[in-house]
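This report describes a two-chain model. Please have the sequence and the coordinates open while reading.

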Amino acid sequence: MNTKKLALLALLVSIVSPVAQAQIKHIEMRVEGMT
Amino acid sequence: MKQHLGRQSGVQTVEVSLLDGKVEVTPKEDGQIDPAQLLKATYDSGVTATEMNMTARGKIVKDSSGSLALQVAPNRSFTLTPNELSKGLEDVADAPKMLTVRGELYKKPAGKQKADPSAPLKLLILEVQKKE
């Protein structure tokens, strides 16, 4: 039973963690009309 | 404008260069930043954005219409504008691979055509910096 739960947890971590590490790192804009 | 953008959710710092007409935004790590909201806030502050580029780390997925998209948060992804670089990413779609890419999210239409900052932002990949 425990092995089954651990395997399920490992599967969930492998699915969720790449998305959790995803992020926008930097945004740059060119603008007109700035004073 | 600096204060206006700095108040948007997920924004850590805003650097404005009057000389170059360049605005650099560093997001917080909370993933709350919304480029479309930033673009709208820029227009709301009376300034016209001509271009918006983004560097992001994410996963290539296929959206509901079958188009490739870069997922940067569980609830945020940007559909890719097809180009040579995006074609090369089809083999990693829905794979557990993380990519760091630099791309163009918005460009003001040439000529007198009116810009629509509320249109959905699509990502034109300019450079794939890292595949993990």
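## Model and domains

The model is predicted. Chain A has one helix and one strand, and 17% of its 35 residues count as buried.

Chain B is assigned domain 1 (1-49) and domain 2 (52-109 + 116-132). The C-alpha centres of domain 1 and domain 2 of chain B are 20 Å apart. Where they meet, eight residues of domain 1 of chain B are in contact with nine residues of domain 2 of chain B. On the domain 1 side, α2 (35-44) and β3 (48-62) of chain B each give two or more residues. The most come from α2(B), with five residues. By class, this side of domain 1 of chain B has five nonpolar, two polar and one charged residues.

## Contact between the chains

The contact between the chains takes 17 residues from chain A and 35 residues from chain B. On the chain B side, β2 (22-27), α2, β3 and β4 (68-73) each supply at least two residues. Of the elements of chain B, β3(B) gives the most to this side, with twelve residues. The residues of chain B that form the side touching chain A divide into 18 nonpolar, eleven polar and six charged.

β3(B) also pairs with a strand of the other chain: nine bridges join it to β1 (residues 23-32) of chain A, and the two run antiparallel. In this pairing, A:R30 stands opposite B:E51.

## The largest nonpolar core

Which residues touch the most other members of the largest nonpolar core? They are A:I27, B:V25, B:A49, B:M52 and B:L70, in a core of 31 residues. Two or more residues come from each of β1 of chain A and β1 (11-17), β2, α2, β3, β4 and β6 (98-107) of chain B. The largest share, five residues, comes from β3(B). Because domain 1 (1-49) and domain 2 (52-109 + 116-132) of chain B both give residues to this core, it lies between them. In soluble globular proteins, nonpolar side chains tend to be buried together.

Leaving aside residues up to four places away in sequence, B:L70 touches B:A56, B:G58, B:I60, B:S77, B:F78, B:L80, B:V101 and B:L123.

## Helix α2 of chain B

The buried residues in α2(B) are B:P35, B:L38, B:L39, B:A41 and B:T42. Their arc around the axis covers only 160 degrees, so they are on the same side of α2(B). The buried residues of α2(B) pack against β1 of chain A, and against α1 (2-6), β2, β3 and β6 of chain B. Just after α2(B), B:G46 has a positive phi of about 85 degrees.

## A loop residue beside the helix

B:S118 is in the loop between β6 and β7 (124-131) of chain B. Is B:S118 buried or exposed? B:S118 has 10 C-beta neighbours inside 10 Å and therefore counts as exposed, the limit for that class being 12 or fewer.

Technical notes. Residues are numbered from 1 along each chain as its sequence is written. Chains are lettered from A and ligands numbered from 1 in the order in which they are written. This is a predicted model: local features need pLDDT of at least 70, side-chain atom pairs count only at pLDDT 80 or more; totals for chains, interfaces and linings use all residues. Domain bounds come from an automatic or database domain assignment. Two residues are in contact if their C-beta atoms, placed from the backbone, lie within 7 Å. Helices (H or I, at least four residues) and strands (E, at least two) are DSSP runs, numbered from the N terminus. Ala, Val, Leu, Ile, Met, Phe, Trp, Tyr, Cys and Pro count as nonpolar, Asp, Glu, Lys and Arg as charged, and the others, Gly among them, as polar. Two strands pair if DSSP finds at least two bridges between them. A nonpolar core is a set of buried Ala, Val, Leu, Ile, Met, Phe, Trp, Tyr and Cys residues joined through C-beta atoms within 7 Å. A residue is buried if 20 or more other C-beta atoms lie within 10 Å of its own, exposed if 12 or fewer, and partly exposed in between; C-beta atoms are placed from the backbone. The arc is that of the directions from the helix axis to the C-beta atoms.
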